[in-house]
Amino acid sequence: MATITRIAVFPIKSLDPVLLNEVPLVGPGALAQDRAYGVFDAKGGWARAKRFPQLQQLRTSWDAAFTQLTVQVPNQSAPQHFSMPAEL
């Protein structure tokens, strides 16, 4: 029998994962906090890393409650901090 010992969710599609020991299921095949947010292009479409590879240069991290997002942009000394809603 296989056992999952760690799982990754991607709170923002195409950006860094968050490794967790457990995560609630919120629907058929859906994990809490997984792809809860996205980046959009100027036309309102999904900005995926396949079309915008520069997205992969951004480093992101979250607090344990997923309410504080930190984004580090390459060649910038100070990271940017964002407050996110506690409930989606």
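How many bridges join strand β5 to strand β6, and do the two run parallel or antiparallel? Select residues 59-62 for β5 and residues 68-72 for β6: four bridges join these strands, which run antiparallel. Strands here are DSSP runs of E with at least two residues, numbered from the N terminus, and two strands pair if DSSP finds at least two bridges between them.

Before going on, note that this is a predicted model, in which local features need pLDDT of at least 70, side-chain atom pairs count only at pLDDT 80 or more, and totals for chains, interfaces and linings use all residues. Residues are numbered from 1 along each chain as its sequence is written, and side-chain values use heavy atoms, with hydrogens and water left out.

Now centre on Thr60, which counts as buried because its relative accessibility is 11%. Opposite Thr60 stands Val71 in β6, and, leaving aside neighbours within four places in sequence, the contacts of Thr60 (heavy atoms within 4.5 Å) include Leu15 and Asp16.

Then follow the chain from β5 to β6, a hairpin with five residues between the strands, where Phe66 in the turn has a positive phi of about 60 degrees.

In β7, select His81, the bridge partner of Thr70.

Note on methods. Buried means under 20% relative accessible area, exposed over 50%, partly exposed in between (1.4 Å probe, protein chains only).
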